[in-house]
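Me: I would like to learn how to read a few features of this structure. Please give me the general idea each time, then the case here.

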Amino acid sequence: MRSAQRFFTRWQNWVGLFLVLIFVVAAIAAPLLSPPDPKHPGPMKIIGRATLLQPQPPSQAAPLGTLSNQASVYHALIWGSRSALLFGLSVTLISAIIGTIIGMISAYFGGFVNSFFMRLTDALLSFPIIAAIVLVQQLISIALYNGGIRIYTQGSVLVLPSGDFLFDPKDFPGMMNFLLDLDPVLVALLLLSWMPYARIMNTMVLRIKKTEYVEAARAVGARHFRIIFKHLLPNAITPTFVLAARDIAGMVILQATFVFIGFGKGAPWATVLVYGRDWIYSQGGIFTYWWVFLPVTLALIAFGIGWNLIGDGLNDALNPRSQ
Amino acid sequence: MLSFLRHLGKRFLSILLTLFITTALLYATVMLTPAETRAELYMPKNFSPRMTEAQYQAMLERNIERYHLNAPYPVQYFYWITNLVQGSWGYSPTLQEDVLTAITRRAPATVEVILFSILVYLPLGLISGVIAGSKQHKFSDRSFRTSAFIATSLPPFILAILMMAFFYIDLHWFAPERISSAYSIFIKSDEFRQVTGFLTIDGLLNGRPDISLDALRHLAMPVITLAVAQWAILGRITRASLVEELHLDYVTAARARGVPESRIVWTHMFRNVVSPAFSSSMISAASLLTGVFVVEIIFNYPGVSFIALRSMNNIPDAPAALGFAIFSVFMVLLLMAILDLIQYGMDPRIREKA
């Protein structure tokens with residue numbers, strides 16, 4: 001309770017909560033704030049004629065202007081906050097759960113188990129995400145190629161063993177469609193984000209498991225499962241909250257970065273920047289077409305600042321010594 | 001000296017172990033692919049792309065037989081790792097050359113970016129963190145904390161876009177890519193001796209400081225983009241560990257003895273806060289390398305990231321992807337080892353522990 005009090009007395013934490021709340025509201029109310037195009041649902045809503053080829057300034061139909069493909073920036077901004085929150089929360093939650101379980105169980109059993117898992121954790125910490133993305137993408141490509149799928153810029157084709165072609169993705173086998181839609185960035189981040197959680201949980205549990213109340217629980221014959229989840233987990237979990245809050249921002253920023261350099265899928269905010277990139281460096285200075293990059297840039301920065309403020313606030317509230 | 005050697009040996013063993021674990025995991029993922037794909041990993045260096053389909057298939061069959069690609073995992077891993085150590089990393093169909101050659105040719109450019117960003121962020125992060133921590137709650141501390149906070153929340157690629165707009169398009173101070181086109185032909189010619197592969201140093205060695213300056217002008221944006229993020233992380237950790245030290249007995253004792261405050265901070269405490277800072281830098285070495293490849297791609301800088309870029313094109317090319325992954329892990333471990341040695345030199349406590 002003391003730490004909750006400490007958390008709510010600092011104005012920075014209120015700013016963080018407020019920023020995050022804006023994105024949560026935008027994500028939940030997205031269909032109301034910017035109704036999707038019934039024919040083409042998705043974060044890119046085409047306004048007007050696509051033959052215009054130039055970003056159009058803000059108008060009634062597109063409150064924040066359009067990109068060069070005439071997609072509404074406002075629409076992508078609103079629906080982008082939904083996908084950013086979903087991506088950040090789900091990747092962080094899954095990697096936190098994996099890391100917590102690995103760190104906790106290896107520390108609880110100790111000895112050989114612990115040194116094996118912590119060696120593995122340290123080894124994976126030296127594995128850069130970008131190499132994992134490349135590998136995952138290559139595994140996908142090889143599986144697709146061996147399944148007869150050929151990918152061209154205009155779309156993909158399934159070559160049947162008989163020599164016939166299938167052009168409609170609806171006719172492809174389900175596995176091939178799954179692989180075509182699979183985001184290598186998502187897979188790589190899920191595989192390589194759990195290590196910090198494992199390390200933190202490991203040190204915490206190693207410290208706690210020697211305390212008297214755990215010894216007492218063991219003495220009265222509590223099972224491993226009960227000791228781990230009833231006694232160790234609640235007492236060791238708090239430091240992971242700090243990491244998780246910062247990770248939600250970190251994951252979204254990483255995803256946006258990789259989408260921007262062409263390594264990922266999804267992430268409407270970064271997609272807007274991909275379309276807008278060439279219009280930033282226009283002759284009249286960078287603010288001639290300000291709407292192609294400023295709204296999403298500010299959204300990304302605000303998203304990062306919001307979650308990082310919450311993370312710092314949690315850190316200060318949970319270990320007051322660091323203030 | 002003996003303790004240094006022991007420390008070095010320990011480090012070396014731990015690096016070998018990490019390399020073993022990561023390569024074993026890498027080969028385990030390769031095992032998901034059919035044997036024909038794995039056979040491509042053993043294509044010879046002088047492989048000629050002008051082969052008929054039948055000849056190519058026959059070659060794959062031969063490789064499957066020769067390297068036991070239908071045998072259990074440990075056997076295959078053994079053959080693969082021996083081949084790797086001997087320097088045959090396979091032939092890449094998309095790069096149309098031997099993977100190891102392709103990597104080593106581009107490696108100096110990448111290493112140059114890493115080197116310069118470390119030279120920028122390491123001293124800056126340590127010094128600003130120590131200053132901020134020792135002037136807790138004063139103006140310099142507040143301004144450091146605010147700017148470091150903004151730097152950690154700001155996505156690096158957005159910083160890159162803004163720098164391109166201001167420093168390249170508007171002011172013409174810096175430029176993307178690696179060297180101006182006026183120099184690029186001269187550099188590839190025989191007149192220009194490639195000694196280190198780093199254009200900044202080779203320019204000086206060839207008596208052409210203008211080339212070094214031009215290389216620096218092109219390095220500036222990638223290095224600043226990388227250094228800003230890393231500086232913020234390092235500075236915040238240095239500051240936090242300095243603040244924790246402020247109330248320890250040895251600091252109070254030194255103050256009571258009348259040791260000047262600056263001497264307490266910079267000689268007594270500095271060595272103690274170096275260790276946590278370096279440990280954090282070592283842990284984030286992998287993310288630094290990811291950052292290096294990302295800024296290379298954004299600024300069109302011709303480094304090893306080119307191989308990653310080509311591997312993303314939906315064309316199966318297992319040798320290039322694997323080579324890229326191994327090179328990345330190797331670079332991260334090298335970086336960690338270098339940071340470890342610097343830390344060893346600066347923190348006397350580690351020397352006694354070893």
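Reply: Start with one residue: Asp340(B) is buried, at a relative accessible area of 7%. Buried means under 20% relative accessible area, exposed means over 50%, and partly exposed lies in between (1.4 Å probe, protein chains only). Keep in mind that this is a predicted model: local features need pLDDT of at least 70, side-chain atom pairs count only at pLDDT 80 or more, and totals for chains, interfaces and linings use all residues. Residues are numbered from 1 along each chain as its sequence is written, chains are lettered from A and ligands numbered from 1 in the order in which they are written, and side-chain values use heavy atoms, without hydrogens and water.

Me: Which side chain meets Asp340(B) in a salt bridge?

Reply: A salt bridge is a side-chain nitrogen of Lys or Arg within 4 Å of a carboxyl oxygen of Asp or Glu. Here the partner is Arg11(B), at 3.5 Å, N to O. The pair links distant parts of the chain, 329 residues apart: Arg11(B) sits in helix α1 (residues 2-30) of chain B and Asp340(B) in helix α15 (residues 318-346) of chain B. Helices are DSSP runs (H or I, at least four residues), strands likewise (E, at least two), and both are numbered from the N terminus. Arg11(B) is partly exposed, with a relative accessible area of 26%.

Me: Which residues are joined into one network by salt bridges that share partners?

Reply: Arg246(A), Asp312(A) and Arg236(B) form that network.

Me: Now a helix. Which residues of helix α8 of chain B are buried?

Reply: Look at which way the side chains point. In α8(B), residues 181-188, the buried ones are Tyr183(B), Ser184(B) and Ile187(B). Seen down the helix axis, they fall within an arc of 115°, so they line one face of the helix. That arc is taken from the directions from the helix axis to the C-beta atoms. On the other side, Ser181(B), Ala182(B) and Ile185(B) are exposed.

Me: What do the buried residues of α8(B) pack against?

Reply: They pack against α9 (199-205) and α10 (209-245) of chain B. Contact means heavy atoms within 4.5 Å.

Me: Which residues make the nonpolar surface patch?

Reply: Patches use residues with over 30% relative accessible area and no salt bridge; like charges are joined within 9 Å, nonpolar side chains (Val, Leu, Ile, Met, Phe, Trp, Tyr) within 5 Å. Here Leu93(A), Ile94(A), Ile97(A), Ile98(A) and Ile101(A) make a patch of about 410 Å². Areas come from the Shrake-Rupley method with a 1.4 Å probe; for residues, only the protein chains shown count as cover. Ile101(A) belongs to helix α4 (residues 73-109) of chain A and is partly exposed, at 37%.

Me: How many helices and strands does chain A have?

Reply: Chain A has 14 helices and three strands. Of its 323 residues, 49% are buried.
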